[in-house]
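Q: I have a protein model open and I'd like to learn how to read it. Could you walk me through it?

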Amino acid sequence: MPASPSTARAINDRVALRLLQQEGPLTAGQLKQLTGLSRPTVADLVERLTAAGLIEVVGESGEQRRGPNARLYGIVADRAHLAALDVRTEGVSVVVCDLLGRELARASVPIADDTGTGPAVEQAVTLVERAAKEAGAERLHTVGVGAPGLIDPATGELRDSSGLPEWHRRLVAALQERLPARVIVENETNLAALAEQRDGAARDRDTFVLLWLGHGTGAAVVLDGRLRRGASGGTGEIGFLPVPGTSTLPSATDCEGGFHSLAGSAAIAELAAGHGLVATAVSPGEPEAAALVRQAVATLSSPSPSSSSSPSPSASSGADRFLSALADRLAIGAASVVAVLDPGCVVLGGEVGQTGGEVLATRVGERLTRMSPLPVEVRASTLGGGAVLRGALLTARESAQDDLFAPRSR
């Protein structure tokens with residue numbers, strides 16, 4: 001059945017808004033060309049969207065053109081302000097943006113292990129409020145939160161998880177109480193995968209697995225363009241995967257003995273020490289493993305041995321052996337995922353995946369080729385640890401746009 005006039009108008013408005021969001025400011029003529037709509041229909045939708053406060057004239061197209069046909073229309077960026085949070089065990093980072101995703105403020109706060117639940121929550125919420133004020137936002141429309149742990153698929157809430165601080169769960173409730181905003185919570189690795197697919201290493205893939213390598217380990221699964229969470233929200237808890245090379249087996253409450261014991265930051269640091277490597281973190285909160293992998297890659301990439309500034313042969317050998325041993329470990333976990341899901345692409349994400357770059361990704365790929373009969377490409381993250389904030393922002397922005405761009409009853 002053909003759409004009713006009101007439904008057709010809503011569809012046309014939504015198409016136009018998405019084009020303005022993706023392409024930037026456009027003239028009415030450009031909207032007509034891109035949408036295929038008639039000139040009167042475009043004129044009507046421009047009038048409706050302007051009256052609704054969703055778009056405005058932001059300039060003119062070309063110095064030689066004047067008049068209504070040359071007006072450039074753009075989305076009203078400050079119609080809504082958004083916040084994205086990256087919640088880690090050691091602290092919180094926040095970024096505040098407008099409706100177009102332009103960054104207006106950024107801040108972070110460390111939270112010590114011995115900080116009580118109440119004070120930790122207060123520090124985190126205050127950080128968000130201060131960042132919003134700095135950004136000039138009277139109120140936040142939507143807040144996207146990325147946190148470790150399981151998200152209950154029925155309620156969308158962060159589930160109680162062993163090994164994670166209590167303030168994580170309390171933070172979400174506090175944000176909902178203190179901020180007049182919609183709060184959306186998602187697993188940090190899932191958000192990183194969304195960001196890598198939109199802006200990072202998986203832009204050309206609709207099926208892939210992100211292997212998160214930071215302080216801990218995790219995986220996110222994207223199949224046929226959709227993020228898969230599982231029946232209980234636990235898809236990708238690869239840290240609990242039983243693997244060879246550990247002295248014990250993981251339990252329902254402790255991932256010790258699982259893949260985490262091979263690829264978590266502490267395990268990688270121990271492996272690096274065995275090969276004589278030391279390194280200092282570049283930024284506060286950076287996993288020690290990321291600094292060590294960066295140092296190893298830099299050592300291998302240094303000038304030829306004839307140069308006085310080049311590392312000693314023993315240092316190069318140690319770095320090479322370390323990266324090879326790390327690739328062996330990562331391939332074990334990746335091979336299990338590939339055997340079950342056949343994703344065709346594995347992205348080494350998180351801070352470790354980014355600092356390892358193509359050097360580490362190539363080594364893991366070579367090992368997977370020998371271990372698995374299924375074709376798979378291994379890529380290095382281009383966003384690293386920043387993918388969580390980026391994914392949280394994308395989620396918040398899409399939610400806000402769905403709300404603001406929805407047709408209103410008349």
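Q: Where do I begin: what share of the contacts with a separation of 6 or more comes from residues 24 or more positions apart?
A: A contact means heavy atoms within 4.5 Å. In this protein, residues 24 or more positions apart account for 63% of the contacts with a separation of 6 or more. Keep in mind that this is a predicted model: local features need pLDDT of at least 70, side-chain atom pairs count only at pLDDT 80 or more, and totals for chains, interfaces and linings use all residues. Residues are numbered from 1 along each chain as its sequence is written, and side-chain values use heavy atoms, with hydrogens and water left out.

Q: How many helices and strands are there in the protein?
A: Both are DSSP runs numbered from the N terminus: helices are H or I with at least four residues, strands are E with at least two. Here you get twelve helices and twelve strands. The radius of gyration, taken over C-alpha atoms, can be checked against the globule rule, 2.2 Å times the number of residues to the power 0.38. This protein has 24 Å, close to the 22 Å that the rule gives for 410 residues, so it is as compact as a globular protein of that length. Its C-alpha trace spans about 70 × 50 × 50 Å along the principal axes.

Q: What share of the 410 residues is buried?
A: Buried means under 20% relative accessible area, exposed over 50%, and partly exposed in between (1.4 Å probe, protein chains only). By that cut-off, 49% of the 410 residues are buried.

Q: Which strands does β4 pair with?
A: Two strands pair if DSSP finds at least two bridges between them. Strand β4 (residues 91-98) runs antiparallel to β5 (residues 103-110), with seven bridges joining them. Gly91 is partnered by Pro110, and Val92 by Val109. On β3 (residues 81-88), β4 pairs in the antiparallel sense over eight bridges, including the one between Ala83 and Val96.

Q: Which residues touch the most other members in the largest nonpolar core?
A: A nonpolar core is a set of buried Ala, Val, Leu, Ile, Met, Phe, Trp, Tyr and Cys residues joined through side-chain atoms within 4.5 Å. The largest one has 43 residues, and Leu211, Val293, Phe322, Leu326, Leu330, Leu348 and Val364 touch the most other members. Helix α10 (residues 313-341) gives the largest share, twelve residues. Apart from this core lies another, of 34 residues, among them Ala105 and Val121.

Q: Is Arg379 buried or exposed?
A: Buried, with a relative accessible area of 13%. Arg379 is found in strand β12 (residues 377-380). A side-chain polar atom of Arg379 lies 2.8 Å from the backbone oxygen of Ala201, and a polar contact of 3.1 Å joins the side chains of Arg379 and Glu377.

Key
A polar contact is a pair of N or O atoms within 3.5 Å; within protein, one must be able to donate a hydrogen and the other to accept it, and residues adjacent in sequence count only if both atoms are side-chain atoms.
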